[in-house]
Amino acid sequence: MASSNCSLKVNRELLDPKFESYRLSLDPLPTYTVELDAAVAEVKLKDSQYTLGHVRAFGMYNYLHLDPWYEDSVYFVDTKGRLLNLTVTLDTALGKPREVFRLTSDPEQCPERVCPSLSLTSATWAALSDGAGTLYLLRTGKRGEGALNRWELLFSESLGEPFTVLHSVSHVQGGLHTLELLLLRVPQEPGDTRGSGYAACLEWVTIASHTAQAEERRYEVKRRRVMRGGSVPHYAALEPQGRGVMVAAERPFRFTEVDSVPIQEPPAEPMDTDNTEPMYFWQQTEADVTVYVRLPEGVTKDAVCFRLKSDRLSVGVQGSEPLLEGTLHAAVDTDGSTWTLEDNKSLEISLQKREEGPLWPELVLGDRRGEYVVSEEQAALIQQRLAHLTTDAQAANPEKDKPPCNAQELEDCDVFPEDGFSLMRFDAETLKPSHVVNLGSHQFLFGVDVSPGDMPCLCLRHDVDALLWQPRPHQPDALWEHIATFNALGYVQASKRDKKFATCAPDFSFAALGECLRRVFLYRQPSPVDTVLFNRKEGRQVGQVAKQQVASLDTSEPTLGFRASVERLYVLTSAHLFVLKINNQ
């Protein structure tokens with residue numbers, strides 16, 4: 001399956017071009033505190049774990065886990081090896097966290113251990129790592145309010161070097177209960193002499209039962225697939241039914257081995273050095289694309305084979321292989337597209353773009369046999385737009401009204417990830433990328449579960465806003481859907497130098513930022529105001545206001561966990577769990 005270059009389609013109806021700013025509200029946020037009887041099992045980085053990848057994977061790890069199936073139920077592991085749960089029904093009577101499972105091993109015996117991690121696989125299953133290399137599969141039963149049962153251990157096995165569990169899903173395959181897990185490691189890379197000496201490793205583990213009989217179920221590892229990349233991913237999640245995996249990272253990943261057997265890469269194709277004439281020429285405007293395809297001499301109109309779908313083009317001559325065939329860069333309107341035969345030696349094709357505006361970087365994905373032609377009007381327009389960036393003088397005059405850009409004056413919020421930052425979807429059968437999105441300047445902000453059973457959403461910066469994207473694996477033509485917008489949050493979060501965590505409510509009513517120590521920033525969606533307000537510049541009446549609130553927690557301990565539900569925000573430190581009441585249902 002060839003990889004398809006895609007783009008994220010923004011839903012313009014979810015944008016607010018007239019958004020002004022957040023108004024600071026002095027309304028207090030009710031805060032309730034639960035004192036823990038044992039510290040959270042925090043694992044601090046060692047001297048050997050000095051790379052950015054270690055910091056991102058383990059140093060910034062979120063030790064608090066919110067149950068997407070049961071609202072206001074959170075989990076964490078303490079230093080006694082207990083997996084604790086707190087389910088909130090009444091804020092003024094929180095009670096103590098209760099133990100649902102206890103680790104059977106002592107992870108402190110492993111010198112290279114990492115933080116323990118939990119993934120709530122389904123409404124009745126969970127996957128737990130002790131941070132020392134042991135994986136536990138737990139049957140939880142129905143969790144939530146009033147559930148007092150302890151979790152049942154059904155699988156426990158050492159899977160090698162220490163890891164964290166990033167994501168897991170549960171499904172039935174061939175009548176057998178199957179669990180898919182995605183593990184993260186940061187192993188040493190001896191062959192890396194130019195980089196940090198470490199790589200990012202994702203392992204996709206499939207565990208299934210021996211029999212369909214619930215009473216006789218025993219689980220074993222069925223398959224292990226390993227991916228490697230040059231940087232720790234910002235986002236990695238498995239599709240339901242285990243049909244694929246999505247990874248967002250600054251450097252690309254690829255599968256390297258299956259069940260300890262290395263994947264043999266096909267030999268590189270020899271570079272084509274002959275100076276052949278282009279097979280076709282093409283040019284475009286914001287509304288349409290014009291293509292000129294070279295045909296053999298003397299071809300008649302009846303001999304032309306032309307097939308056009310909204311996303312695919314095929315051009316050829318009867319009795320021969322297609323001259324041009326493949327997937328178009330973007331969809332076209334088939335009813336508004338035409339073709340004509342010019343002098344029996346070339347075919348002129350006019351394609352009407354379905355969405356006006358963006359220029360295509362290529363006509364057919366992966367086809368390099370054509371030549372793009374820039375018209376004189378386009379060349380003049382480009383020159384006009386770029387004229388202010390050039391000068392005939394060797395040194396620009398800084399005293400002028402518009403001095404040249406000085407990189408040293410850029411703020412952190414103006415810095416974007418590397419151009420290689422991409423979002424990739426890998427197919428489970430071929431282990432090859434099927435969809436690739438070049439994220440470019442779309443900085444990753446956070447990932448969050450908003451709907452049980454769906455893949456986690458990822459929040460990306462678009463200009464100054466933060467846009468939330470929901471993966472839709474069942475829609476290959478629209479794999480990522482824009483479902484919510486947090487106005488100006490992309491710019492706001494970049495100005496918070498001490499920011500450690502970010503999240504949002506599952507109903508998108510607010511977004512929250514948590515600093516390394518004490519402070520929490522809350523950004524609410526615009527809501528109607530009771531009083532009459534007017535915009536000073538435009539004189540128009542303002543009907544809605546977006547509020548910002550700030551809470552300072554009564555603690556000197558670093559923040560270790562940060563999660564949000566529809567009604568509450570949970571902040572975990574080493575000795576306390578803070579519950580902030582945000583919304584009233």
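The protein chain averages a pLDDT of 86, and 86% of the residues score at least 70; pLDDT is the predictor's confidence in each residue, from 0 to 100. Over residues 410-419 the pLDDT is below 50. That stretch has 16 contacts in the model beyond near neighbours in sequence, a contact being heavy atoms within 4.5 Å.

This is a predicted model, so to speak of local features we need pLDDT of at least 70, while side-chain atom pairs count only at pLDDT 80 or more and totals for chains, interfaces and linings use all residues. Residues are numbered from 1 along each chain as its sequence is written, and side-chain values use heavy atoms, with hydrogens and water left out.

Strands (E, at least two residues) and helices (H or I, at least four) are DSSP runs, numbered from the N terminus, and two strands pair if DSSP finds at least two bridges between them.

Strand 25 pairs with strand 26 (residues 346-353) in the antiparallel sense, over 7 bridges. Is S337 buried or exposed? At 14% relative accessibility it counts as buried, where buried means under 20% relative accessible area, exposed over 50%, and partly exposed in between (1.4 Å probe, protein chains only). A polar atom of the S337 side chain lies 3.2 Å from the backbone nitrogen of Q352. Leaving aside neighbours within four places in sequence, S337 is in contact with L308, S350, L351 and Q352.

Next, helix 1 (residues 52-59). Its buried residues are G53, H54, A57 and F58. They cover an arc of only 95° around the axis, which puts them on the same side of helix 1; the arc is that of the directions from the helix axis to the C-beta atoms. These buried residues pack against strand 12 (164-173) and strand 13 (176-185).

Last, F501, in strand 34 (residues 499-504). F501 is buried, with a relative accessible area of 6%. Its contacts outside four places in sequence include M60, Y61, L513 and F562.

How values were computed. Polar contact = N/O pair within 3.5 Å; in protein donor to acceptor, adjacent residues only side chain to side chain.
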